[in-house]
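Colleague: I would like to go through this model with you step by step. Could we take a few questions in turn?

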Amino acid sequence: MKDVSATTADELRDAILRHLTFSMGKDAEHASVYDWRMALSFAIRDRIVEPWFEATRQIWEQGRKRVYYLSMEFLIGRLLEDAAINLGLRASAREAIESLGQSWSAVVEDEPDAALGNGGLGRLAACYMESMASLGCAGYGYGIRYEHGLFRQWFENGRQIETPEDWLAQRHPWEFERPEVSYEIGFKGSVAMKDGRAVWTPAETVIAEAYDMPVIGWKGRWANTLRLWSAKPTTMFDLARFNHGDYAAAAEPEALARTLSRVLYPDDTTYQGKELRLKQEYFLTAAALHDIIRRHLAGGHPIEALADHVAIQMNDTHPAIAGPELLRILVDLHGLEFDAAMEIVVQCLGYTNHTLLPEALERWASYLMVSVLPRHMQLIEAIDAWHLRKNPGRPHYVGIVKHHEVRMGELAFICAHKVNGVSALHSDLVKKNLFPELDKLHPGRIMNVTNGITPRRWLRMANPRLSKLITGAIGEGWEADLDRLRGLEPLAEDAGFRADFAAAKRANKEALAQWIAQTQGIQIDPGAIFDIQVKRIHEYKRQLLNILQAIAEWHEMRSNPQADFQPRVKIFGGKAAPGYQAAKEIIRLINDVAAVVNSDPYVDGRLKIVYPANYNVSMAERLIPAADLSEQISTAGKEASGTGNMKFALNGALTIGTLDGANVEIRQEVGAENFFLFGLTAEEVVERRRDPEHARHAILASQTLQDVLQMIAEGRFSPEEPGRYHGLVHNMWHSDYFLVASDFEAYRAAQADVDRAFADPDRWWRMAALNSARMGYFSSDRAIGNYMSEIWGTDSAL
């Protein structure tokens, strides 16, 4: 196979011009930035296809076991620069496009983010797909091709407003439509027995049509496939109704089918929303399993040997219906006996748990499951009975169907041979708190695979200044062996290296300051601490704690205008689920506080609060390299792992955080002295909640917090509506489930430690350099290697 990285800038230039003419139908004189970006994308894509085809040929020829990764989200971000880097073509591509009179940055930034995810779950899936390709793991990703993603966020008077994402309004250059790969997916209907076998006759059907995206690994040595399903109608158009003038009804089948792949996580506060969510999950899972079985049989393998050739990973509980669906295929369609089929199901499936929050461990009302998937409800009850037979000592309160609900977490556990948490602390809590009885029945089934991130995107691409410094210090190749960053440790003691490290950070901060000025109209000081919290807006992630501390800091600056305060820029980013009113209230409070603080002449720029709307992967790639401080402040025992914490630390940001999720392991790796720890532990959180008055006691113990809450309650940040946050303040005094008040003073003290450390440049940049140097463990290559050896039973093809 040709070495793609040897492609010259002249060869790419010719390819770009060819695609500009024959793929885009434009000449250079009349081409827009969009045309140039598409032509460059096609030129790069051409060089992905050969290793993609070659990898596929090797899998078939060698009969390799395939890994199938099922996820509702794949937050892949922009792909042009990422692909160019992994092919070793970024320099040539830049030279080629600039020789044609185009700006590299303008062309790259013209690409919209693919709206295929929301947060950490989807970004993890994207990192894992890239690492599978880089390690030569024969992998397939399965997801949904959402037309409008989660939503596009903007702010109106501080409030979050949701509008549809439009990433598919333009042609997507990285996908290949596969109309020949389609499956009919059914819903509702009835089940009857025929010749001793259950026959499900769906009342509704849609077509799942495949769109493939190649995922290229490091150095272009291997490529896998991300296959996304789009819902199409089985009956495209009702011509008779149209000819009778009923135009809307004529298009109804198409509109209803497309609903399944329009929006990620539709609001499920209504029955219709819940039904759509369940249908989406089944649509993804059923289409994937039919595709997997088709490919297995095409390889000439008997259905009984499925587990020898197939490993299926369920990324959280969303694809948990895979157990009953695979069982249905084996029993109803292929005639296997129930017990034998269940053994195959368990051998094939693995389950990654990503949450300890009860509401995130999906539970569907039994009547909803019976209505939408009647055959599957029968099989779920049969799986429950099978598990009880196999484990006669199972407590009566343990099971899948309880209190007229189907518990998808328990279903996923029982149908999987391995269940993994995503950080050491999380996996321990999965055993102790989430599935303690099932863990006793199946010792060894629960294991840990701590999450990881790909260094190719999150350091090499996102932070070229720091990457260049690292390569100059330790040589090339660290992108595929992140443990080599340990070679930077001795250099942290070198004043010259620390100065270079600080200069790279300063340049990143200046670039971010310029972008914020252009897009937000806010001037910020690159010499200030850039204090960043970007993640989903959720009460347990405690953006509220962050903004309350900012109010306290602002109040102190106003009360002591002559005091010497360390300038700070607080940057927030993230979306709240459309139906999550408490989270949306926190967003509005942040924006209201920002409006007051940023216009206050008494603060004189020493504190700024910035909240750019519509946080996504591309924005993360701007913010993370420029961060000085990473806010990882969730209530201990609630965050499964996090991956943003890893990205920030890898890029030389120091962490202020609790002992939650992967923070525990990050602190162990980088050193306790290089981490700003505060707050209750998971055990202390449980103990504190036993006191029904814990919120009131904590507030009464902090005059500062009392003052902050009083300012909010009296309308200091909402003068046009003084009572706007009365509910929020009432909750702080009387509930505060996530213990914001209990951790407030410890958080303030940790922030004071941050100020003192930043005031000592030698100390700060030594700490920052050691953070980068000691993050090798958190490569997604290490995580995927663990999955391959300990869960999937496969090895590298490279």
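Predicted model: local features only at pLDDT ≥ 70, side-chain atom pairs only at ≥ 80, totals over all residues.

Colleague: Which helix gives the most to the lining of the second largest pocket?

Modeller: The second largest pocket, with a volume of about 870 Å³, is lined by 25 residues. Several helices each supply at least two residues of that lining, among them α4 (90-99), α20 (464-474) and α21 (495-520). The one that gives the most, with 6 residues, is α21.

Colleague: How many residues of the lining of the second largest pocket are charged?

Modeller: Among the residues that lie nearest the centre of the second largest pocket are Glu-109 and Arg-622, and both of these residue types count as charged. Over the whole lining, 10 residues are nonpolar and 6 are polar, while the number of charged residues is 9.

Colleague: Why do the buried residues of α26 lie on the same side of the helix?

Modeller: The buried residues of α26 (residues 663-670) are Asn-663, Glu-665, Ile-666 and Val-670. They are on the same side of α26 because the arc that they cover around the axis is only 160°.

Colleague: Which residue in β18 does Phe-530 stand opposite?

Modeller: Strand β18 (residues 568-573) is largely enclosed by the rest of the structure, because 6 of its 6 residues are buried. Arg-568, Lys-570 and Phe-572 point one way from β18, whereas Val-569, Ile-571 and Gly-573 point the other way. Strand β17 (residues 529-534) pairs with β18 in the parallel sense over 6 bridges, and the residue in β18 that stands opposite Phe-530 is Val-569.

Conventions:
Residues numbered from 1 in each chain as written. Heavy atoms only, no water. 1 Å grid on protein atoms, 1.4 Å probe; cavity = no way out; pocket = protein on both sides within 12 Å on 5 of 7 lines; lining within 4 Å. Points joined across faces, edges and corners; volume = space filled by probe spheres on them. Helix = DSSP H or I, 4+ residues; strand = E, 2+ residues; numbered from the N terminus. Buried < 20%, exposed > 50% of the residue type's maximum accessible area, 1.4 Å probe, protein only. Arc of directions from axis to C-beta. Pairing = 2+ DSSP bridges.
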